[in-house]
Amino acid sequence: MADRDLIGIEIDHVEFPVEAGKIREFAVAVGDPDPIYLSVEAAQAAGHPAIPAPPTFSVVAGHWRDQSAMVARLGLELGRIVVGEVQWEYHAPVYGGDRLSGTRIVRDVTERAGRRGGTMTMITVETELRNQRGELAVRQRDLIIETGVVS
Amino acid sequence: MSELGTRRPIERQVERRVGPVTRTQIVRFAGAGGDFNPMHHDEEFARSAGQTTVFAMGQLSAAMLARLAADWLGAGALRSLSVRFTAKVWPGDVLVLRGTVAGQELVGGERRVAATLEAIRQTDEIVARGIVTAASDIAVPEAIG
């Protein structure tokens with residue numbers, strides 16, 4: 001159970017170096033990686049100045065933060081949490097060597113009756129990741145769902 | 001914003017088969033992304049939580065759909081992506097990833113294409129649904145209207 005007073009609170013802050021080696025690892029894990037994620041030469045041949053970050057790479061920055069502390073801060077129960085949806089807005093390209101930073105903020109809190117009983121809480125958290133030049137690069141929103149307790 | 005990859009024709013629909021998803025791939029993605037929720041790699045933990053076995057993180061499906069979208073619409077052309085997780089992906093699952101042009105819009109003088117994304121298990125269950133927008137100079141006639 002969470003309350004609407006949480007809207008607007010700052011949960012945590014992250015400083016995240018975008019490393020080419022980490023991009024490679026991420027792309028290989030997803031499977032059949034595009035060579036632009038593996039070598040500077042391939043990236044440059046495709047017109048990129050450096051190895052670009054894959055579109056969902058900003059989730060890695062999420063795990064640089066203390067996810068259990070966030071869940072506790074939001075007053076949620078870890079065992080009932082699922083991520084329902086994630087949204088990304090792309091404002092500036094992100095490359096290996098960049099440094100991103102951003103603060104995670106609660107944008108919305110809603111509740112509704114769960115399908116299997118109890119009350120479901122839905123919390124939208126947003127992080128605006130800015131690069132080392134202060135430009136907004138990626139805005140990420142996560143919809144965190146705490147499922148209801150069946151009585 | 002970079003306009004890389006936007007000056008080429010866009011197919012109305014693309015489809016790709018991936019998998020089978022393996023435990024090794026799930027662990028590899030955990031290491032790459034930093035998601036060490038034991039539900040995704042610890043068999044005993046997953047069973048004690050009432051699951052039949054470990055299952056993949058939703059972010060793996062999202063990354064696969066994003067990969068499809070980047071190949072299709074251009075890695076530098078993507079403007080937004082949203083992915084909803086609708087079912088679990090289990091080891092052994094083979095997924096069909098599909099992208100379909102839904103329409104076009106003009107945002108701040110930039111022509112953009114909007115497309116729906118789906119990841120579907122071999123049981124025909126949709127495990128993730130998404131919407132992607134990308135900068136595009138190319139008209140997609142079939143999608144208008």
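Me: Let's start inside chain A. How many residues of domain 1 are in contact with domain 2, and how many of domain 2 with domain 1?

Reply: Six residues of domain 1 of chain A are in contact with eight residues of domain 2 of chain A. On the domain 1 side of that contact, four residues are nonpolar, two are polar and none is charged. Keep in mind that this is a predicted model.

Me: How do I read a sheet? In what order do the strands stand?

Reply: The general idea is that strands of a sheet pair through backbone hydrogen bonds, either parallel or antiparallel. In this model, 10 strands make an open sheet with antiparallel pairing, in the order β1(A)-β3(A)-β4(A)-β5(A)-β2(A)-β2(B)-β5(B)-β4(B)-β3(B)-β1(B). Each of β1 (10–17) of chain A and β1 (13–18) of chain B stands at an edge with a single partner strand, so one side of each has no neighbour in the sheet. On average, and ignoring direction, neighbouring strands of this sheet are turned by 20° against each other.

Me: Where do the chains meet in that sheet, and how many bridges join the strands?

Reply: Look at β2 (residues 81–90) of chain A and β2(B): five bridges join them, and they run antiparallel. You can pick out a facing pair there, with E85(A) opposite R84(B) in β2(B).

Me: What about the pairings of β3(B)? Which strands does β3(B) pair with?

Reply: One is β1(B), joined by six bridges to β3 (residues 95–107) of chain B in the antiparallel sense. To spot it, find R17(B), whose bridge partner in β3(B) is V96(B). Another is β4 (residues 110–120) of chain B, also antiparallel, over 11 bridges. There, G103(B) stands opposite A114(B). β3(B) and β4(B) form a hairpin with two residues between them, and G108(B) in the turn has a positive phi of about 55°.

Me: How do I read an interface? Which element of chain B gives the most to the side that touches chain A?

Reply: The size of an interface is often given as the accessible area lost when the parts come together. Here we'll count residues instead: 32 residues of chain B are in contact with 27 residues of chain A. α1 (23–33), α3 (58–73) and β2 (78–85) of chain B each supply at least two residues of chain B's side. α3(B) gives the most, with 10 residues. By type, that side of chain B divides into 16 nonpolar, 10 polar and six charged.

Me: And the nonpolar core? Which residues have the most contacts inside the largest one?

Reply: M64(B), L65(B), A69(B), L73(B) and L78(B) have the most contacts inside the largest nonpolar core, which has 63 residues. Its largest share, 11 residues, comes from α3(B). Apart from it lies another core of seven residues, among them M70(A), L74(A), V125(A) and L143(A).

Me: Let's zoom in on L78(B). What is it in contact with, leaving aside neighbours within four places in sequence?

Reply: With those set aside, L78(B) is in contact with P55(A) and Y90(A) in chain A, and with A69(B), A70(B), L73(B), V132(B) and A134(B) in chain B.

Me: Last one: is F26(A) buried or exposed?

Reply: Count the neighbours. A residue is buried if 20 or more other C-beta atoms lie within 10 Å of its own. F26(A) has 24 C-beta neighbours inside 10 Å, so F26(A) counts as buried. You'll find F26(A) in helix α1 (residues 20–30) of chain A. Leaving aside neighbours within four places in sequence, F26(A) is in contact with P54(A), F57(A), V60(A), A32(B) and G33(B).

Notes
Residues numbered from 1 in each chain as written. Chains lettered and ligands numbered in written order. Predicted model: local features only at pLDDT ≥ 70, side-chain atom pairs only at ≥ 80, totals over all residues. Contact = placed C-beta atoms within 7 Å. Nonpolar A, V, L, I, M, F, W, Y, C, P; charged D, E, K, R; others polar. Pairing = 2+ DSSP bridges. Helix = DSSP H or I, 4+ residues; strand = E, 2+ residues; numbered from the N terminus. Axes fitted to C-alpha atoms, helices over the stretch in contact; angles between N-to-C directions. Core = buried A, V, L, I, M, F, W, Y, C linked by C-beta atoms within 7 Å. Buried ≥ 20, exposed ≤ 12 C-beta atoms within 10 Å, placed from the backbone.
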